[in-house]
Every structure is written in C-alpha cells, then in structure tokens.
Amino acid sequence: MYAVTMEEFEGNPDRTAVSIEPIELIRRVAEARDREALTRLFQLFAPRIKSMMLRLGADQAQAEDLTQEALLTVWRKAHLYSPEKGAASTWIFTIARNLRIDLVRRHSSKPWVDLDDVELASDAPLGSDTVEQSQIIARVAKAIEHLPVDQRKVVELSFVQDLAHSEIAERIGIPLGTVKSRLRLAYERLRPLLEDLH
Amino acid sequence: MTIAFHPDISTLMAFSAGTLEEPYAVVVATHVAMCEACREQKKRIDTIGGAVLASAGEAAMSPGALDRLLARADDSIELTRETSRSKAAADSRLPAPLASRLAGGLESVRWRWSGPGVSVADLPVSPGVDGRLMLLRVAGGRPVPEHSHGGQELTLILQGAYQDRFGRFGVGDIADHDEDVEHQPIAEAGQDCICLVAVDARLSFRNRVIRALQPFFGL
Ligand SMILES: [Zn+2]
C-alpha cells in the first residue's frame, strides 16, 4: 500500500548505482532470479522498511527480522507483482506492512484472513510500459509536509501509527466525524497532485 | 455496470491503511473489485500512504543482513494459496474478495428467516474480530430492515436494487452512511435484493431488524 520516493537516493552520489526503477528490479528478480537485483532492492528498501517497523512500534530485532522477511517475500513473489496494482515500491511496502499486521494479530489473538494476498496475487504479466511513479510520490511527500497540522496529524496517525479512525478520535480527543472530515480535506488537497498517476 | 454510490473517501483511506475491521474491509474490497473508479481512488490513496512512510526516514540494517538475505534467497517460487484457492472455488459471478468466503456462490447460501420477506446469513470472520459480516436478502417491494444506524454500517448491493431518499442503489453500489443517518430503503419490486452488510458487533442486527419491523408487526 505504500510507495517510497527515490528522490533522495538519486541525490546521493553513493547510491547512483541504485537509481534503476524498482519495477525493473522486480522484473529481473521475477524473470531471471537476479540476485544482483535483489541486492539493489535490499539497499533501496531495507533501511526504509526497518525505519517504518521501528516507527510502528517494533523493537530493533523484530524490525530487522520483519525487513528480512519482507525482502524474502519480494524475492519469492516477484512473479505475482503487476504494475496495475500500483507502483512497485507500493507493492513492496504492502508486503512489509502485511507481515507486521500478521505478527501483531498473531500476538493479540486477532488473526486475520489474509485479504491482501488476494489483492497481491495476479496473473497479469509484468508490463513494460509502466514507469515508476517516484516523482509523484516525492511531490506528495512534500505536500503532506505543508498540510495544516491537524490534517497532517490524522493522516500520520492513520497511515504510520496504524490507528483506526475511532482510535484516532480518542487519542486526540475529537469526534469521529471530525477525524473523517480532516482526512477528506487532506485528500482533497493532495488529490490534484495524483491526477497523472497510472 | 454503472456504479453511482461509493464508499466515503475516509473509508477508502482506512481500507488502504489497513485499519478497517475485517467485515468492513471485506465489503470495501468487494466493492473495489467491482468498481474501476474506486480502484483508481485507492491507487491515489496508497500513494499518499507511501509518501507518508517515505518521510519515516531510514534505519541502518545490521552488518551481515544482506548476506543473510542472499543466503536465504533460494530458487523456489512461491505460488500463493489464495491464487489457486480462489480459482478453484470461486463462483466467477462473485468478486474475488467475496468468492473466497462463499465457495458455492449465492445459490449455496443457507438463509435464516429473519422477518417477513427478510432472510440473513452470517459469513465467517476471524475469531475475535469486532463486527459482523452478513448477507441480507429482502423480497421485492419489502422494506430493507435498517432503520437508524448506530456504529458504522456498510451495505453493498449484490443483486436487485433498493431505493431510499438518497436514490436508487443497484448492483455494485455501496451505502456508507454516518451513524446518525435516517433512511428507509425499500427493495425494488421484482427480484430479491441481496446485500453484503458489515455492522458493528456491539449492535445486534437481529434486534434492529425487530425494532425496524415493530411499527408494522408489533413484534
Ligand atoms: Zn466505487
């Protein structure tokens, strides 16, 4: 469900070697079992995924394990990725996120029939004409920073802290309806940046 | 299929963030499977989610992490259970998120009488999940037994249609109302109207059915 911006990687001279779009790396993994491509995916995504896990409340060891599992899943399921499901980086973050949700639900005796597996699975072949939408993502990330604070906060609590809308309402002491209207307002502000997404 | 009614954008945002309780997530996933517009919408929202996480920064992996990954990256290719299962079991007339829970299709549903012209059937959800997922079947011309809402309720039309003050809800349309919305949907004459409904578990739907029917039948 999540995507990552490549902007910072491209701006970093140490990492110019990994500026190949993730979609191409996934294709190489899927079609050629290319371990070099996997290495590049690791360099691109592992630190991001680990950071995300830490922010979501995992400890160091868990965050490290979940990141390993996420990339291993990318390796094993690369052939199931299809560009029409969204950006490649979105797909990778979806995998990482689902692994964490699985873990949390196992520990809270709240198992989850894996809805997202249905979504992730696809027979569609890897497209060749879809390019990574990394510039759009960079644009959106910048726009999120400029959202009014109250809107930005509900967006972050929802997408980063994983809180249900009712939990967000409790957490910041506002009515549920206000949480929803702030999310709607945030979306309306960001949507113009997403028109050319495909 | 022309779909006129979609989930609220905040509902799609919760779906994308993975914070909807399972029954609601199934209803939204089923609608999204039927609705091109919401698939586009969801792509945009997913991108927002990704952009939010992109600002989460980076955390260095421990030394040797890459080597451990490469050591585990064998040549096996994993085919997900879901792919084969949904292919084998799915009623092709049902969207995949629903078909996997309704192996025999709508014909195999074991309906339970729940009032004149109204039957319900619960669908399985994971243990411990808050909320109820069910099918609701209302005979043509009958009132749909939802009256006033308490807690979130999502209703997706799978067959037939109903009308209320918001308009006509046909196949693929979803009713995503705030909890204080009052309305009285009536199933269109003719074919039974079958809906997929997610409700808050704390409210007994059956009690609400009875409450809705009270004025007519004095139950
Ligand atoms: Zn829709």
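What follows is a set of questions and answers on what the labels rest on.

Q: Before anything else, what kind of model is this?
A: This is a predicted model, where local features need pLDDT of at least 70 and side-chain atom pairs count only at pLDDT 80 or more, while totals for chains, interfaces and linings use all residues. Residues are numbered from 1 along each chain as its sequence is written, chains are lettered from A and ligands numbered from 1 in the order in which they are written, and side-chain values use heavy atoms, with hydrogens and water left out.

Q: Why is Ala25(B) called buried?
A: Buried means under 20% relative accessible area, exposed over 50%, and partly exposed in between (1.4 Å probe, protein chains only). Ala25(B) has a relative accessible area of 3%, so it counts as buried. Ala25(B) sits in helix 2 of chain B, and its C-alpha lies 9.3 Å from that of Leu12(B), 13 residues apart in sequence.

Q: What makes strand 9 of chain B mostly covered?
A: Seven of the seven residues in strand 9 (residues 193-199) are buried. Cys193(B), Cys195(B), Val197(B) and Val199(B) point one way, Ile194(B), Leu196(B) and Ala198(B) the other way, and all are buried. As for the word "strand", helices (H or I, at least four residues) and strands (E, at least two) are DSSP runs, numbered from the N terminus.

Q: How do you know which strands pair with strand 9 of chain B?
A: Two strands pair if DSSP finds at least two bridges between them. Strand 3 (residues 132-138) of chain B is joined to strand 9 by seven bridges, running antiparallel, and there Leu135(B) stands opposite Leu196(B). Strand 4 (residues 153-159) of chain B has six bridges to strand 9, again antiparallel, with Leu154(B) opposite Ala198(B). Both pairings pass the cut-off.

Q: What does the interface between the two domains of chain B consist of?
A: The domain bounds, from an automatic or database domain assignment, are domain 1 (9-54 + 65-99) and domain 2 (110-217). Twelve residues of domain 1 are in contact (heavy atoms within 4.5 Å) with 23 residues of domain 2. Buried area is the accessible area (1.4 Å probe) that two parts lose on being put together, summed over both; here that is about 1400 Å², with 73% from carbon and sulfur atoms. On the domain 1 side, Pro23(B), Tyr24(B) and Val27(B) lose the most area, together 41% of what that side buries. Helix 2 (residues 22-34) gives the most to that side, with nine residues.

Q: How many polar contacts and salt bridges cross between those domains of chain B?
A: A polar contact is a pair of N or O atoms within 3.5 Å; within protein, one must be able to donate a hydrogen and the other to accept it, and residues adjacent in sequence count only if both atoms are side-chain atoms. Five residue pairs meet that rule, both at pLDDT 80 or more. A salt bridge needs a side-chain nitrogen of Lys or Arg within 4 Å of a carboxyl oxygen of Asp or Glu, and the count is zero.

Q: What do the same rules find between domain 1 and domain 2 of chain A?
A: Domain 1 (2-120) and domain 2 (147-194) of chain A touch through six residues and four residues respectively. They bury about 480 Å² between them, 37% of it on carbon and sulfur atoms. Helix 5 (residues 88-107) gives the largest share of the domain 1 side, three residues. The rules find zero salt bridges and zero residue pairs in polar contact.
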